[in-house]
Amino acid sequence: YVYDGKIVEERQLGLETSEIAQAAEGNPDAWIGESPYEYLTAAELEASLIETIGWDALDELRNTLVIGDQEMKQDGNWIVGNGCRPHACNTDFAAIALHRESGRFIAAIKREGVKPRLLGEPEEALPVAVRKVMTAN
């Protein structure tokens with residue numbers, strides 16, 4: 001709660017809950033057509049994402065995958081989304097993927113002056129969006 005001297009206002013601190021994340025529990029396909037940025041910032045998913053890739057990598061992904069194609073799509077056994085850092089789309093970009101059967105999360109991130117990094121452990125061949133980030137110069 002915040003009091004400005006006149007009124008008390010309730011404000012949510014931290015991440016907001018995501019109806020999509022709640023609906024997608026056990027059903028990764030629910031993310032098809034939804035925002036990859038919302039996936040990364042859903043309060044319900046933060047603990048598992050930190051466990052999978054760590055806080056620093058999650059924070060870097062959130063700051064890199066801000067704009068761009070904000071609709072996750074199916075690519076074979078994966079659901080993928082990608083995006084980039086505002087004002088740096090040709091140098092700082094990333095892709096995320098969820099395995100449709102297991103829900104396993106992987107991501108690839110490319111930052112200016114740094115080799116691309118793969119986050120998480122894929123259980124089969126990389127989806128195209130992730131492979132594009134990993135092979136970027």
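This is a predicted model: local features need pLDDT of at least 70, side-chain atom pairs count only at pLDDT 80 or more; totals for chains, interfaces and linings use all residues.
Q: OK, which cysteines form the disulfide?
A: Cysteine 84 and cysteine 89, with their sulfur atoms 1.9 Å apart. The torsion about the S-S bond is about 45°, so the disulfide is right-handed.

Q: Is cysteine 84 buried or exposed?
A: Cysteine 84 counts as buried at 7% relative accessibility. Buried means under 20% relative accessible area, exposed means over 50%, and partly exposed is in between (1.4 Å probe, protein chains only). Cysteine 89 is partly exposed, at 36%.

Q: What's the phi of histidine 87?
A: Near 65°, a positive value in a residue other than glycine. Most residues other than glycine have a negative phi.

Q: Where is histidine 87?
A: Histidine 87 is in the loop between strand E4 (78-84) and E5. Strands (E, at least two residues) and helices (H or I, at least four) are DSSP runs, numbered from the N terminus. With 86% relative accessibility, histidine 87 counts as exposed.

Q: Switching to E6: how many of its residues are buried?
A: 6 of the 6 residues of strand E6 (residues 105-110) are buried, so the strand is largely enclosed by the rest of the structure.

Q: Which side chains point which way?
A: Phe105, Ala107 and Ile109 point one way from E6, while Ile106, Ala108 and Lys110 point the other way. In a regular strand the side chains alternate between the two faces of the sheet.

Q: And which strand pairs with E6 over 6 bridges?
A: Strand E5 (residues 93-99), in the antiparallel sense; two strands pair if DSSP finds at least two bridges between them. One of the bridges has alanine 97 with isoleucine 106 of E6 as its partner. E5 and E6 form a hairpin with 5 residues between them, and glycine 103 in the turn has a positive phi of about 80°.

Q: How many bridges does E6 have with E7?
A: E6 pairs with strand E7 (residues 117-119) over 3 bridges, in the antiparallel sense. There, alanine 108 has leucine 118 in E7 as its bridge partner. That pair of strands forms a hairpin with 6 residues between them, and glycine 113 in the turn has a positive phi of about 80°.

Q: New topic: what's the volume of the largest pocket?
A: About 430 Å³. Of the 21 residues lining the largest pocket, the closest to its centre are Tyr39, Ser48, Gly103, Arg104 and Phe105.

Q: How's a pocket defined here?
A: On a 1 Å grid over the protein atoms alone, a pocket is an open set of points where a 1.4 Å probe fits, with protein on both sides within 12 Å along at least five of seven lines, and lining residues have an atom within 4 Å of a point. Grid points are joined across faces, edges and corners, and a volume is the space filled by probe spheres set on the points.

Q: Which helix gives the most to the lining?
A: Helix H3 (residues 46-53), with 4 residues.

Q: Last one: how many salt bridges does the structure hold?
A: 7, each a side-chain nitrogen of Lys or Arg within 4 Å of a carboxyl oxygen of Asp or Glu.

Q: What does arginine 117 form a salt bridge with?
A: Glutamate 60, the closest N and O atoms being 2.8 Å apart. The pair links distant parts of the chain, with arginine 117 in strand E7 and glutamate 60 in helix H4 (residues 55-64), 57 residues apart. Glutamate 60 counts as buried at 17% relative accessibility, and arginine 117 is partly exposed at 30%.

Q: Which residues are linked in a salt-bridge network?
A: Glu60, Arg85, Asp92, Arg111 and Arg117.

How values were computed. Residues are numbered from 1 along each chain as its sequence is written. Side-chain values use heavy atoms; hydrogens and water are left out. A disulfide is a pair of cysteine sulfur atoms within 2.5 Å.
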